Number of protein chains: 2
Amino acid sequence: MDKAHSGDDVVLSLDEVFALSKSVLVAAGLTEAQAAPLARVLTEGQRDECHSHGLFRLPGCVQTIHHPRFNRDAVPDVTDTTAAVTRVDAQFGFSLPALEAAMPRFVEKARAIGISVLAINNCFHITALWPEIERLTAQGLVAIAMTPSHSWVAPAGGTKGALGTNPIAFGWPREGQEPYVFDFATSAIARGDISLHKMAGKPLKEGWAFDADGNPTTSAAAALEGAMLTFGGHKGSALSTMIELLAGPLIADMTSLESMDFDDGLKAAPCHGEILIAFDPAILGGGSRDNQASSERLFSAIADQGARLPSTRRYAARARSLANGVHVPRHLYEQIMALPRAG
Amino acid sequence: MDKAHSGDDVVLSLDEVFALSKSVLVAAGLTEAQAAPLARVLTEGQRDECHSHGLFRLPGCVQTIHHPRFNRDAVPDVTDTTAAVTRVDAQFGFSLPALEAAMPRFVEKARAIGISVLAINNCFHITALWPEIERLTAQGLVAIAMTPSHSWVAPAGGTKGALGTNPIAFGWPREGQEPYVFDFATSAIARGDISLHKMAGKPLKEGWAFDADGNPTTSAAAALEGAMLTFGGHKGSALSTMIELLAGPLIADMTSLESMDFDDGLKAAPCHGEILIAFDPAILGGGSRDNQASSERLFSAIADQGARLPSTRRYAARARSLANGVHVPRHLYEQIMALPRAG
């Protein structure tokens, strides 16, 4: 980043990002135990330059904490459903404390029998999925995570919201290097990125969104009142529907339509469920074959022709941030400094 | 179908399609036990008017049976790996007899602990995935199936094959009606559909394929010698990579690159693995909420705005075929009647 540009930015260390985030969350009413995991993930977002999931999201977290249905005193309730299934009721707090409470049992089950499911219920979900995926790949597990959101997304062939932005994230551990990880919204664009377009006064690409009357639009403001399309036409639309079903009704939680109703127009973070699936390659592979040689050959075949593996930019940003701290746009920094802070 | 058109077609009953398919497969060297499940699935493809997976595929099955590495005497070997995981070695026969051998244990485990994985190894795979998915939804289970194929597909940003067409199929049981099912190749177009374009002399859409030199092409013949793109840009490419990893190295089987090497230029059906995951909603939902009401509301929100649920056309074709039999193009019928038949 050149000096002219960093002149508009405030440079913070990762510790400063974490401390600032946590103090804002605690001042908004979260307990230390609830604030810490959320602040850590916001810091990871800023560190990896996933700007829509970094400090940019902190004001939205505060807004969600003030949602009348948000439970500031939530204590996650973990249930050992079966040898393969763990359920955790987030009690209408954020997803992350619930995930942390259930993580040891979730991992232990995957290690014991090769596959394990974690259903998080009744959680407000505001964070990216890749930080959760990386916690699992760091333990040698292959992992998938999915959530619904709010019904901002039209199915292929329609113009009205029925589906959520429904992210899916996946991770594959690699020996001696960063894991193969992707995390994408199944909408044509992430909701947070539409907000960033609106803030920057940039138009959306054609074919991404409809206005409230169902007409195609490139206005980010109009799209926020209307509906987005999914990525990938009818295939992306089907995949998004699968995510609705697996992370919603399958685990007895809300679809994006139901979560939107639950929000009751308050525009807080979506409250719904999340499903995570972990696989232990040591068990599923039967130990009979070197799965790393096979996957590394695939990654080389992709990267050697100049195609990018997902997360490459994120890992490069991480290295920069760990060395030099993060750059926060001044207007965002000032917006955050204007929020109440604890301590 | 009007009379002029049916004049070019041969009309067969489903029993006739099954008997014809089985007699060709047995004459090619398959045992009755191996031929029956394959003939049943080809009949289902023809019945549902999935033409690239119906009788059209029978000559390819025969070609595969003649592959020097194909095992006509394969007896699937089922292993109870853990309470959640079943592995079945197809012994280099077709996938379907292996699936049938392992199905009871696979289903029983999902019912017992909520989720279950079936890894099929060392199978020649030539059939659609939705017939397998429908066997699971018929038992009240939610199901996912994935396979690699041959490395005909370029990653986003590349021009050379590294990924397979990598289909993913999903099913959700619906009370009192046909299940929600999708089954799609993660390539921009299915390999079988490119062959159909070539046979019909129809050009491909722009942006679907590269020729052998890595230049964009709309020629189906050139695409068959070059590489396809995935659907959905970098997101579709990431998803295809996930399918490679889950249905390949995770279960200690071949990637599409390795399967292409194994084929050694013979252009038989791909030999590799398949992963199926089954979920029991009765366990994962904790019985606490009516998941059907929630999913039906979602399906209505999609269909009521005129968007199509996947498989709708297939179910309509099924009803027609069950009532009136199937229409087989005369040139295809004559091609099949020219193959050796048993009995």
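**Notes on a predicted two-chain model**

1. Let's start with a strand pair: strand 9 (residues 209-210) and strand 11 (residues 227-229) of chain A run antiparallel and are joined by two bridges. In this pairing, A:Phe210 sits opposite A:Ala227 of strand 11. Keep in mind that this is a predicted model.

2. Zooming out, those strands belong to an open sheet of four strands in chain A, with the order 6-11-9-10 and mixed pairing. At the edges you'll find strand 6 (153-154) and strand 10 (216-217) of chain A, each pairing on one side only.

3. Next, the domains. Chain A splits into domain 1 (1-66 + 311-343) and domain 2 (75-310). Their centres, taken over C-alpha atoms, are 22 Å apart.

4. Where do the two domains of chain A meet? The contact involves 19 residues of domain 1 and 22 residues of domain 2. On the domain 1 side, helix 3 (32-47), helix 4 (58-65) and helix 13 (312-324) each supply at least two residues, and helix 3 gives the most, with seven. That domain 1 side has seven nonpolar, ten polar and two charged residues.

5. Now for the contact between the chains, which takes 59 residues from chain A and 59 residues from chain B. Several elements of chain A each supply at least two residues to its side, including strand 4 (115-124), strand 7 (167-174), strand 8 (177-185) and helix 9 (233-247). Which element of chain A gives the most to the side that touches chain B? Helix 12 does, with seven residues. By class, this side of chain A has 33 nonpolar, 18 polar and eight charged residues.

Definitions and conventions. Residues are numbered from 1 along each chain as its sequence is written. Chains are lettered from A and ligands numbered from 1 in the order in which they are written. This is a predicted model: local features need pLDDT of at least 70, side-chain atom pairs count only at pLDDT 80 or more; totals for chains, interfaces and linings use all residues. Two strands pair if DSSP finds at least two bridges between them. Two residues are in contact if their C-beta atoms, placed from the backbone, lie within 7 Å. Ala, Val, Leu, Ile, Met, Phe, Trp, Tyr, Cys and Pro count as nonpolar, Asp, Glu, Lys and Arg as charged, and the others, Gly among them, as polar. Domain bounds come from an automatic or database domain assignment.
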